[in-house]
Amino acid sequence: MTETTDDSTPSYAAYLQLDTLLGCQSPPDFGAGGVPRPLAHHDEMLFIVVHQVYELWFKQILHELTAARDLLGQPSAPVGESVPEVVIPQITGLLGRVNEILRLAHSQMSVIETMPSVHFLAFRDLLLPASGFQSTQFREFEILAGLKEEDRLASVGGAYRSMLSDDDLRRLDARRAEMSFREAVNDWLSRTPVEGVFPGFAAAYMDAHGQYGRDQAQSHGGSPNLSAGARREVEVRLSGQHADLERYLFGDDALPHAAFLFIASYREQPLLRWPYTLLEAVIELEERWRLFRFRHARMVERMIGFRVGTGGSSGVEYLDQTAMSYRVFGELLEGRSFLLSVERLPELPHPELLAFRGLDGGDTV
Ligand code: HEM
């Protein structure tokens, strides 16, 4: 019989390094110099494995999102020069994978919920002050996606930093020095030649939106269900939305905002199909990530009620606040408020510019 476990022959266990992977479920005894100790409770195994699985998924997410950022960012591309069309489906595929992992991350919280709270309490004190708060990969994900430090909750601010090792802090600082995925998306949107395809798009869109607002006001005005006071409130709200659109299209980040509305509005045009699919994947990323935060908070609420977290935060209250307020692509979602139905859209002056190219080539979005 031939030997199959030497270093020169691949085997299932050797390729996957299962000795290492399956050999790290005995927690260190921190009171005895970190030597592995027996599990303090039958369910401690579940607690460890579930966290390890999540960390592996976080690793995969970082791998995919970094690649997506690199393809989309191409920082050397000058303004006005678009990302090659062929990479847009590729980036969309990478994001689709991240979104699928986040969907799984959301649903597999139910596995840890099979552990009764009192079983967790049997070993919870052994973890203190360790916490998911210290998941460096999770922080890397936040930073790579584009969460700004100043947008973190004031109650914790940079507090998580004091709980990390110097090596971890260096990793986070290196991530922070890189372009974030959000910046890559904004740069790509800014390079979309909206004006070249539809000169005066922003002003034309404002007009169409203004007409929409007037029609809405008229419909509400004729509604027998609203009092005169309520009708006035609706009018104020509608003109407020129009003012919001003006700020969106002509204020900070006007270029990416106009590109978002342009791509989402004319998404049926052949050359906008993939850019639109990519933007939908970005919006889904934001949605799935928030759902993950909410799901984790619900699991924690069920597991420990409203106790202080092992990391010292207010626990569920803190987690719910992050789910509500940590937004990376909020502007894309804000843009959704201004979308118009197809019949209301300004007519494209040159739809042929958004058709597929012939074999002779030509400029594309
Ligand atoms: C019994 C199960 C769990 C409980 C009771 C729990 C509880 C908590 C609490 C209270 C916090 C807030 C920080 C603190 O004060 O400690 C937290 C943060 C966190 N937990 Fe969990 N957790 C559990 C399982 C998990 C699992 C399975 C994951 C998967 C990765 C996870 C990932 C995280 C992350 C990433 C944070 C930081 C969130 C942030 O700061 O935005 N936790 N957890």
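## Ground rules

Residue numbers start from 1 along each chain as its sequence is written, and side-chain values use heavy atoms, with hydrogens and water left out. In this predicted model, local features need pLDDT of at least 70 and side-chain atom pairs count only at pLDDT 80 or more, while totals for chains, interfaces and linings use all residues.

## The iron and its donor

His296 (NE2) is the only protein donor of the ligand's iron atom, at 2.2 Å. Donors are N, O and S atoms within 2.8 Å of the metal (3.2 Å for Na, K and Ca); water is not among the atoms, so sites may look incomplete. His296 sits in helix H14. Helices are DSSP runs (H or I, at least four residues), numbered from the N terminus.

## The shell around the ligand

The ligand has 26 residues around it. A residue counts as near if one of its heavy atoms lies within 4 Å. Ser131, Arg139, His296, Ser313 and Tyr318 come nearest. By class, the shell holds 14 nonpolar, 10 polar and 2 charged residues. Here Ala, Val, Leu, Ile, Met, Phe, Trp, Tyr, Cys and Pro count as nonpolar, Asp, Glu, Lys and Arg as charged, and the others, Gly among them, as polar.

Helices H3 (44–73), H7 (136–145), H14 (273–304) and H15 (316–325) each supply at least two shell residues. H14 gives the largest share, 6 residues.

A polar side-chain atom of Tyr318 lies 2.5 Å from a ligand oxygen atom. His296 places a polar side-chain atom 2.8 Å from a ligand nitrogen atom. Gly312 uses a polar backbone atom, 3.4 Å from an oxygen atom of the ligand.

## Helices H9 and H13

The axes of H9 (residues 181–191) and H13 (residues 254–265) come within 8 Å and cross at roughly 75 degrees. Axes are lines fitted to C-alpha atoms over the stretch in contact, and angles run from 0 to 180 degrees between N-to-C directions. H9 and H13 are therefore roughly perpendicular, a term for angles of 65 to 115 degrees.

H9 brings Asn186, Trp188, Leu189 and Ser190 to the contact, and H13 brings Leu255, Pro256, Ala259, Phe260 and Ile263. Contact means heavy atoms within 4.5 Å. The residues are 7 nonpolar, 2 polar and no charged.

## Two backbone features

Leu128 and Pro129 are joined by a cis peptide bond, with omega about -5 degrees. Pro129 lies in the loop between helix H6 (117–127) and H7.

Gln17 is not a glycine, yet has a positive phi of about 50 degrees. Gln17 belongs to the loop between helix H1 (12–15) and helix H2 (18–21).

How values were computed. Parallel < 35°, antiparallel > 145°, perpendicular 65-115°, else oblique. Polar contact = N/O pair within 3.5 Å; in protein donor to acceptor, adjacent residues only side chain to side chain.
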